[in-house]
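Student: I have a structure open and I'd like to learn how to read it. Could you walk me through it?

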Amino acid sequence: MSAIQAPARIAGIPLKKLLTKTATFIVVALIFGWVYAWASPRVFPKDVRAGFGYGMVHGALMPMALPSLVMGKDVDIFDSNNSGRGYKLGYIVGINVCGLIFFGSVFWRPTRKNQSHQLR
């Protein structure tokens with residue numbers, strides 16, 4: 001019998017890596033929920049007709065509302081008192097800029113850039 005034992009795996013992923021990713025996900029979700037709870041009262045004014053600028057902010061914050069929505073809180077993600085097309089365009093721009101920053105940072109690999117310089 002071998003004294004060395006293979007690390008535990010779940011669905012082919014080492015248990016330690018799975019627990020680390022799960023803990024990271026929970027911490028990020030809690031931070032997003034906290035940021036959204038802090039920002040929401042400040043960016044959803046009751047007596048102001050939301051225009052392009054508010055649409056951008058609401059669109060950028062919308063992904064952060066997901067943890068609160070999953071936990072059963074009914075949070076605002078869209079202002080019904082808006083200026084129409086301008087607000088909706090701002091909302092779309094906000095979502096896309098937020099996605100570009102988030103996914104751009106996730107998929108950006110600085111080592112690839114350095115490797116291309118080494119090939120010259």
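Student: Which residues make up the largest nonpolar core?

Tutor: Start with the general idea: in soluble globular proteins, nonpolar side chains tend to be buried together. In this predicted model, the largest nonpolar core has 8 residues: Tyr36, Ala39, Val43, Phe44, Leu61, Met64, Ala65 and Val75. Helix α1 gives the largest share of this core, 3 residues.

Student: Which residues are buried in helix α2?

Tutor: Look along residues 52-61, and you'll find Gly55, His58, Gly59 and Leu61 buried. They sit on the same side of α2, because they cover an arc of only 165° around the axis. Leu61 also belongs to the largest nonpolar core.

Student: How much space lies in the largest pocket?

Tutor: Rolling a probe the size of a water molecule over the atoms shows where empty space is left. Here, the largest pocket holds about 730 Å³. Its lining has 28 residues, and Val28, Ala29, Phe32, Pro63 and Pro67 lie nearest the centre. Two or more lining residues come from each of α1 (15-43), α3 (66-70) and α4 (85-107), with α1 giving the largest share, 14 residues. Sort the lining by class and you get 20 nonpolar, 6 polar and 2 charged residues.

Student: Which element has the lowest mean pLDDT?

Tutor: Where pLDDT is low, the predicted coordinates should not be read in detail. Helix α5 (residues 110-118) has the lowest mean, 58, while α2 has the highest, 94. Across the protein, pLDDT averages 82, and 83% of the residues score at least 70.

Key
Residues numbered from 1 in each chain as written. Predicted model: local features only at pLDDT ≥ 70, side-chain atom pairs only at ≥ 80, totals over all residues. Heavy atoms only, no water. 1 Å grid on protein atoms, 1.4 Å probe; cavity = no way out; pocket = protein on both sides within 12 Å on 5 of 7 lines; lining within 4 Å. Points joined across faces, edges and corners; volume = space filled by probe spheres on them. Helix = DSSP H or I, 4+ residues; strand = E, 2+ residues; numbered from the N terminus. Nonpolar A, V, L, I, M, F, W, Y, C, P; charged D, E, K, R; others polar. Buried < 20%, exposed > 50% of the residue type's maximum accessible area, 1.4 Å probe, protein only. Arc of directions from axis to C-beta. pLDDT = per-residue confidence, 0-100. Core = buried A, V, L, I, M, F, W, Y, C linked by side-chain atoms within 4.5 Å.
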